[in-house]
Amino acid sequence: MVSQPFDCIVADCENCLVEEYKKNPDLFENVKYIQVERDDRKPLNAKTGPYDALLAELKMTKLHSGDGCGGECETEVWGRA
């Protein structure tokens, strides 16, 4: 529980973002930005993963992408107006 809606989520949750959304979609209602570690792509070089469907469902777009973890993972920033 939070005292007021927030507009940003920073997620490094070992591929749990989709499950968190399923448990509590209202939590994502006012979110304008999500920074997420793309640990949902196994193998690492896979082009898509479960987070791609979530990105579309939330009607967000990918604003930025970068490598992290010494090239072992990728971080993305998603946003919506």
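What percentage of the 81 residues in the chain is buried, and where is Arg38 found?

Tutor: Buried residues, those under 20% relative accessible area with a 1.4 Å probe and only protein chains considered, where over 50% is exposed and the range in between is partly exposed, make up 32% of the 81 residues in the chain. The model is predicted, so that local features need pLDDT of at least 70 and side-chain atom pairs count only at pLDDT 80 or more, whereas totals for chains, interfaces and linings use all residues. Residues are numbered from 1 along each chain as its sequence is written, and side-chain values use heavy atoms, with hydrogens and water left out.

The setting comes before the residue.

Arg38 itself is found in the loop between β2 (33-37) and α2 (50-57), and with a relative accessible area of 2% it is buried. Leaving aside residues up to four places away in sequence, Arg38 touches Gly49, Tyr51, Asp52, Glu74, Glu76 and Trp78. With one of these, Asp52, the side chain of Arg38 makes a side-chain polar contact at 3.0 Å, a term that stands for a pair of N or O atoms within 3.5 Å, where within protein one must be able to donate a hydrogen and the other to accept it, and where residues adjacent in sequence count only if both atoms are side-chain atoms.

The loop between β1 (8-11) and α1 holds Glu14, which at 58% relative accessibility is exposed, and also Asn15, which is partly exposed at 33%. Most residues other than glycine have a negative phi. Here, however, phi is positive in both places, near 50° in Glu14 and about 70° in Asn15.

Helix α1 (residues 17-23) includes Lys22, which counts as exposed at 57% relative accessibility. Although Lys22 and Leu54 are 32 residues apart along the chain, their C-alpha atoms are separated by 10.0 Å.

Notes. Helices (H or I, at least four residues) and strands (E, at least two) are DSSP runs, numbered from the N terminus. Contact means heavy atoms within 4.5 Å.
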